[in-house]
There are 2 protein chains.
Amino acid sequence: MTIQTPAPNADLAETMLQLGRNARAASRALGKLTPEDRTRGLKAIAAAIRAAAPEILAANAEDMEAARAKGLDAAMLDRLALDEARVEGIAGGVEAVSCLADPIGRELARWTVPSGLDIARVAVPLGVIGIIYESRPNVTADAGALCLRSGNAAILRCGSESALSSRALVSAMRGALEKEGLPQDAIQLVPTQDREAVGHLLAGLDGNVDVIVPRGGRGLVERVQMDARVPVIGHLEGLCHVYIDGAADPEKAIATAVNAKMRRTGICGSAETLLVDAAIAGTLLPKLADALKEAGCELRGDERARAIVADMKPATEEDWATEYLAPILAVAVVDGIDGALAHISRWSSGHTEAVITEDQAVADKFFADVDSAILLHNASTQFADGGEFGMGAEIGIATGRIHARGPVGAEQLTTYKYLVRGKGQVRP
Amino acid sequence: MTIQTPAPNADLAETMLQLGRNARAASRALGKLTPEDRTRGLKAIAAAIRAAAPEILAANAEDMEAARAKGLDAAMLDRLALDEARVEGIAGGVEAVSCLADPIGRELARWTVPSGLDIARVAVPLGVIGIIYESRPNVTADAGALCLRSGNAAILRCGSESALSSRALVSAMRGALEKEGLPQDAIQLVPTQDREAVGHLLAGLDGNVDVIVPRGGRGLVERVQMDARVPVIGHLEGLCHVYIDGAADPEKAIATAVNAKMRRTGICGSAETLLVDAAIAGTLLPKLADALKEAGCELRGDERARAIVADMKPATEEDWATEYLAPILAVAVVDGIDGALAHISRWSSGHTEAVITEDQAVADKFFADVDSAILLHNASTQFADGGEFGMGAEIGIATGRIHARGPVGAEQLTTYKYLVRGKGQVRP
């Protein structure tokens, strides 16, 4: 008789595989629903989240207690915390997604070729999407809702801090789907915080995961990009630049620069580096510096900037490469648009950059030469957001070059297939 | 004094990195060209290939001699062989690409949001594309031309069999670019057959490769998909199905089935499995079998098929999973559209499937339920081709779910960026 050695964590592997198979089956069923079915499901989910507010808040209170015991900092506690208004905000977000145009089945293009074949390109769901996120519980509902709107099954893996809050949310969402006769496995939560579960998800669960979306800090995204065996949609960081051209309107320049940095410093669209044209720096930089400092911002300047505004810390090479996500701004004086383009080309993370100028030729050059996902002329980088883009919601912002770039909404969570209509054609 | 140990193959690593840096620099320059510049470059390349025909044929003769000495089979020798007509075909292919609409700078969408921002989504090149292919020398010119049309720099890695032919082609192409004052590093050939070079390419050459396109057999594509650290666009195999419905027109059924299998058996769009509705199999399958056998096709049937046409080999499970790329066809009798959908859902590789029927409801169900890249109604699967789709040419066919699916032409070798025009807006 031989004693059988169990495989390492075979139960977890099997649990995860089962999640994958459930998701695939749900995704097949989702593809056969009508847009009205998906809308009905989303409205039912919004209602169910509202109805489950007491359970969700109780679960969140437990999460908060554990987080405080672990010594999480104030910013992280704030991201985790729910109250009645925030739960209402989550439900309202799902409702907003229910009002979005359904992206599935759209005819993206249609043409006839000389052989007489009629060729149509039609939008279909991606399939199964794995979302790996950190502490914000609202991602649970946002991501689940966007996946449902786009006919995709979602496998959600939340951070350990929000495990109970997320479980309460998912429970309400699945209950709503079941009550509406829709596949409840359209939204599943990984039921364990075991880190190995993430490894299984990144390996694709035996072909049952089509895309991974990481939502979180650089560490999380880097791990996901390194280990994933399936495509990843996301971004490592948002090292966003604002270039103030010599032909900038000074008032617009000050307003947009302060807003780009200071409206919210912790989001990926906040500015990290300010580039000021030498032609205007002598007069404008002191005013810019005053406005930023007044808003609570620390400035770190290159030599040319510090020659104009003396009380800045000196900026090192590292400052040009740092996404502060904090009220700190690196400042450099550059020689016009060409100097700005050279700096951005070297240091940009490909997320979002803004040019402030009244000279259309400069704006055109900036738009043509900078190759980031989002370029803005005379507007704050903080507009880099799916909601502000009119997409209703976003599952994240992508800086990769294939599939989606910029805000990723329901439309970006689709692919397409070709439908070719013939009359018995054979190829010569 | 310490003796320094050189890194393993440091020279190769540096050579490959230099290719990557050259390609990135060329891709930046390509982005600033006008569509007319790219067209001019393509026409010059076509002319240069024609002018270099003697050198290309001499190089090919050396490749052929080495291939014969290595004992390559007739099919591989045929893929490798060039003659004057084939060189003219290659030049003509580049000319055809020069006539395609330039995909760069197209405004894909434009809208205004409540904040007053004007948002445009504009097509831009992917950047640097690595193409890894086997023996066909024509891929050198096709891929290089499609990349140039779409503003991308190409790094080509050919199979060892076609090394000299490819080098002669690339030499003509780069010469043409140089003469036209265009960046000749838009098209580079990996200068060594060392297999480690592929590893460097798949690792992305320090961020200087954006996408890999493998062109070749399953073994090549599998290795690329396994090892690549950058996104891969391609397909493992084309296990294409033809379903003959009970409501099929018998003549169309026979013509399309024979063409789908036998027009060319070695291409990814050739049919590998024939599914015949039990409702029509008794009368139609014998005629189908006769026509296929007459065309030289071996048939392997399931029990129900062999009960109707006795002289078929029995098909095993393996037959449903095999891309023969040869005059062999697996045949199964299924119970109507639902039986066909079940078989295809289990065995399809997601490439191309056809339904032959006069019943529009059956065709609609097939189009809705099958999730392959290309679906055809009453037409041969051999139409799965960028040229037949009116794309002018293709760099390959993709079965992945993100970015491009189906034939990958110049338009599919692009991504986009958002251009946002404001009037000094800040985000509240």
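**Exercise 1.** Find how many residue pairs are in polar contact across the interface of chain A and chain B, and which elements of chain A supply that side.

*Solution.* Start with the count: the rule finds 47 residue pairs in polar contact across this interface, both residues at pLDDT 80 or more. (A polar contact is a pair of N or O atoms within 3.5 Å; within protein, one must be able to donate a hydrogen and the other to accept it, and residues adjacent in sequence count only if both atoms are side-chain atoms.) Next, look at the elements: among those of chain A that each supply at least two residues to the side touching chain B are helix H9 (218-227), helix H10 (250-262) and strand S16 (414-425). (Helices, H or I with at least four residues, and strands, E with at least two, are DSSP runs numbered from the N terminus.) Finally, S16(A) gives the most, with eleven residues.

A quick note on the model: it's predicted, so local features need pLDDT of at least 70 and side-chain atom pairs pLDDT 80 or more, while totals for chains, interfaces and linings use all residues. Residues are numbered from 1 along each chain as its sequence is written, chains are lettered from A in the order written, and side-chain values use heavy atoms, leaving out hydrogens and water.

**Exercise 2.** Work out which strand of chain B is joined to S16(A).

*Solution.* Five bridges join S16(A) to strand S13 (residues 374-379) of chain B, and the two run parallel. (Strands pair if DSSP finds at least two bridges between them.) Now zoom in: Leu419(A) has Leu375(B) as its bridge partner.
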